[in-house]
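I opened my notebook to get to know a new structure, and you are welcome to read along. Here is what I looked up.

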Amino acid sequence: MDETILQTTSQRLNTVQSVLVMSHVRADGDAIGSLLGIGMALSQAGKTVQMLLVDGVPQAFQHLPGSKLVQRKVKQSFDFSVVL
């Protein structure tokens with residue numbers, strides 16, 4: 001991956017407070033794992049994070065840590081979005 005993209009993204013994430021992390025409709029395990037991983041990492045970094053899946057988390061993945069935090073609708077405004 002281009003170092004410029006990584007540096008720009010990192011710098012931008014350092015300046016924002018709230019982040020919306022979302023993935024595609026009918027998300028598979030890779031998408032859900034990525035959503036939870038990035039969402040929880042940003043939360044641990046002190047960001048206010050909304051994780052969004054319009055279909056919700058499928059039953060097969062509801063055992064994953066953080067899955068209960070995933071929402072179906074945007075609940076508040078955000079400064080930055082990450083689309084997986």
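The entries below go from the sheet to the core and then to single residues.

**Ground rules**

I am working with a predicted model, where local features need pLDDT of at least 70, side-chain atom pairs count only at pLDDT 80 or more, and totals for chains, interfaces and linings use all residues. Residues are numbered from 1 along each chain as its sequence is written, and side-chain values use heavy atoms, with hydrogens and water left out.

**The sheet**

I started with the strands. Helices (H or I, at least four residues) and strands (E, at least two) are DSSP runs, numbered from the N terminus. Two strands count as paired if DSSP finds at least two bridges between them.

In what order do the 4 strands of the open sheet lie? I read off β3-β2-β1-β4, with parallel pairing. At the edges I found β3 (70-71) and β4 (80-83), each of which pairs on one side only.

Then I went through the pairs. Strand β1 (residues 18-22) runs parallel to strand β2 (residues 48-52), with 5 bridges between them. In this pair, S18 faces T48 of β2, and L20 faces Q50 of β2. β1 also pairs with β4 in the parallel sense, over 4 bridges, and there M22 is opposite V83 of β4. β2 and β3 are parallel too, over 2 bridges, with M51 opposite V70 of β3.

**How enclosed is β1?**

β1 is largely enclosed by the rest of the structure, because 4 of its 5 residues are buried.

I picked S18, which sits in strand β1. S18 counts as buried because its relative accessibility is 11%. Contact here means heavy atoms within 4.5 Å. Not counting residues up to four places away in sequence, S18 touches T48, S77, F78, D79 and F80.

**The helix across the sheet**

Next I looked at helix α2 (residues 29-44), which lies across β1, β2 and β3 and runs at about 170° to β2. For that angle, axes are lines fitted to C-alpha atoms, for helices over the stretch in contact, and angles run from 0 to 180 degrees between N-to-C directions.

Together, β1, α2 and β2 make a right-handed β-α-β unit. Right-handed means that, with the strands pointing away from the viewer, the path from the first strand over the helix to the second runs clockwise.

**The core**

A nonpolar core is a set of buried Ala, Val, Leu, Ile, Met, Phe, Trp, Tyr and Cys residues joined through side-chain atoms within 4.5 Å. The largest one here has 16 residues, and those touching the most other members are L13, V19, V21, L35, L53, V70 and F80. β1, α2 and β4 are the elements that give two or more residues to this core, and α2 supplies the largest share, 5 residues.

Apart from neighbours within four places in sequence, L35 is in contact with V21, M22, S23, M51, L52, L53, V70 and L84.

The side chain of K47 reaches two backbone oxygens: that of L13 at 2.9 Å and that of V16 at 2.7 Å.

The loop between β1 and α2 holds S23 and R26. S23 counts as buried because its relative accessibility is 14%, whereas R26 is exposed, with a relative accessible area of 70%. A polar atom of the S23 side chain lies 3.2 Å from the backbone oxygen of L84.

I noted one more thing about R26: its phi is near 55°, a positive value in a residue other than glycine. Most residues other than glycine have a negative phi.

Conventions
Buried means under 20% relative accessible area, exposed over 50%, partly exposed in between (1.4 Å probe, protein chains only). A polar contact is a pair of N or O atoms within 3.5 Å; within protein, one must be able to donate a hydrogen and the other to accept it, and residues adjacent in sequence count only if both atoms are side-chain atoms.
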